[in-house]
Amino acid sequence: MTTSRASADDGISTYKGQERALRADRLGTGGLLLSVLAATAPLMVVAGVMPTTFAVMGIVGQPLLFVALGVILILFSVGYAEMSRHVHNAGAFYAYISRGLGGTAGASAALVALVAYNALQVGIYGIFGFEVSGLFATYADLEIAWWIPALAAVAAVGALGWLKIDVNAKVLGVLLVIEVALVVIFDIAAVADPAKEGLSLHAFNPDTLTGAGVGTALCFCIAAFLGFEQAPVYAEETSRPHVLVPRVMFLAVGGVAVFFALSSWALTVATGPSAIVGESQTQSAGLLFGLTESRLGGTFTDVLHVLFVTGMFAAMVSFHNVVARYAFAMGREGLLPRAFGRTTGSSGAPGTGSLLQTSVSALVVIAFAVADDKPTGDPTEPVLHLFTWGGNIGALGVILLMAAASFSVVVFFVRRGAAGAQAWRLATSAVAGLALLVIAGYTVKDFDVLVGAGPDSSLSWLLPGIIGASVLVGLAQGLYLRSRSPEAHARIGLGNEAFQLEKAAQS
């Protein structure tokens, strides 16, 4: 990193005009926290991810895995949050990485982020369409293909993406609060009416984590946390980013870890630790709904089914907003065409980036719909392919970005001569980065298990290869800019200093 990368005072202008900057003061602590937590889709995790992890990996100690991951991600957040006090840019991950590891690495990280968050967002359309189709079949006796509600959701999410971010936060907030409340009610009901083994804490016993499947189980569980790292993406749209972003990140990580650890423990209590794996293998995503049916009745379970769908919609909106802002930041800094680096009208939303994400979603959903030759109600294309593939591709990309950001924090502060003052933060960042690299290694190694393919399937290298290709193409773009347009290369990660956010933070 040259000195011109750390400051815009050396003749490198990053001011692009107000239409190249997001509107400040849109989000406070509550709005930012709700926007971030909506991406975790708590009900989708409890009803989908948890039973799948129990069933596929056969590990009872899933609650302990959530605790362990919470510790790792808090260690990650220590340095990441400190970095957010110095860098305010909608390109969060790639801005941080470019400030620490240089513009070429930043260009690579930008493309990985764009691909990974697109994959996460588009993948949810598959399970969303499948679940909505199932609701129509159950309650209206109407058979419709999964891709019809999926495409309707693409249009609705795209429309919300053009509105003010605080409007989005209110929509996400209402859905999230109701979702969490219903899961908490189930947790209480499970504790009040446990299986024959009683209120067993066996799931927190370290002995439950022995075996070859622990690394792969971590890959399943870390996907449940994805979303908390998005807080810095909204830094330009908050009034005090140097205060609010770190606060929200720690609240999100801590809250998610505790909530999911207790909820997965409640599942083991409701079935009994000795039966949780077998019940998950038998009932799959129906496990939670079967348990609520017997304890809380049919009406509660029906409401839970509806909130399962609305929770997924909230997650899609959240990821859509993140993708749109990454595209905006990349357009502003020359990594995408300039048209993407403009905000739209009075809403101040990154409209062109939103349109890009909507178009990608529509094309991918249509492609999977065309490939679907199964009858309505078969989950193969929407769930086992679109959702599972997209989710794991995206998770791999974000894990690698978090690892790179951890090491970038170390380099950033060392180069600024702050290694002594920031020593404990640098140590936690290094530990978190190494831990995340180990998880990424397991993710690539066991990708066939994660996507339900055979060990000899070409999917085991084709799908993670999408992230690998993004890394290489992004590096090539960075190297090209470095040789052909050094000034543009030096701007990567600096963002728009129209609001002088860093100076405001220092004062």
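Trainee: What are the mean pLDDT of the chain and the share of its residues that reach 70 or more?

Mentor: In this predicted model, the mean pLDDT of the chain is 85, and 88% of its residues reach 70 or more. Confidence is lowest in helix α1 (residues 3–6), with a mean of 38, and highest in helix α17 (residues 459–484), with a mean of 95.

Trainee: Which stretches have a pLDDT below 50?

Mentor: Residues 1–20 stay under 50, and the model has 49 contacts for them beyond four places in sequence. Residues 498–506 are also below 50, and this stretch has 13 contacts in the model beyond near neighbours in sequence.

Trainee: Why is α2 called oblique to α10?

Mentor: The axes of helix α2 (residues 29–37) and helix α10 (residues 241–271) come within 10 Å and cross at roughly 45°. An angle under 35 degrees would count as roughly parallel and one of 65 to 115 as roughly perpendicular, so α2 is oblique to α10. The crossing of the two helices is right-handed.

Trainee: Which residues make the contact, and how do they divide into nonpolar, polar and charged?

Mentor: From α2 the contact takes Thr29, Leu32, Leu33, Val36 and Leu37, while α10 contributes Leu244, Val245, Arg247, Val248, Leu251, Ala252 and Val256. Ten of the residues in this contact are nonpolar, one is polar and one is charged.

Trainee: What makes Ser280 count as buried?

Mentor: Ser280, which is found in helix α11 (residues 276–283), has a relative accessibility of 1%. Buried means under 20%, and therefore Ser280 counts as buried. Leaving aside neighbours within four places in sequence, Ser280 is in contact with Pro51, Phe54, Ala55 and Leu287.

Terms used. Residues are numbered from 1 along each chain as its sequence is written. This is a predicted model: local features need pLDDT of at least 70, side-chain atom pairs count only at pLDDT 80 or more; totals for chains, interfaces and linings use all residues. Side-chain values use heavy atoms; hydrogens and water are left out. Axes are lines fitted to C-alpha atoms, for helices over the stretch in contact, and angles run from 0 to 180 degrees between N-to-C directions. Helices (H or I, at least four residues) and strands (E, at least two) are DSSP runs, numbered from the N terminus. Angles under 35 degrees count as roughly parallel, over 145 as roughly antiparallel, 65 to 115 as roughly perpendicular and the rest as oblique. A crossing is left-handed if the near helix is turned anticlockwise from the far one by less than a right angle, and right-handed if clockwise. Contact means heavy atoms within 4.5 Å. Ala, Val, Leu, Ile, Met, Phe, Trp, Tyr, Cys and Pro count as nonpolar, Asp, Glu, Lys and Arg as charged, and the others, Gly among them, as polar. Buried means under 20% relative accessible area, exposed over 50%, partly exposed in between (1.4 Å probe, protein chains only). pLDDT is the predictor's confidence in each residue, from 0 to 100.
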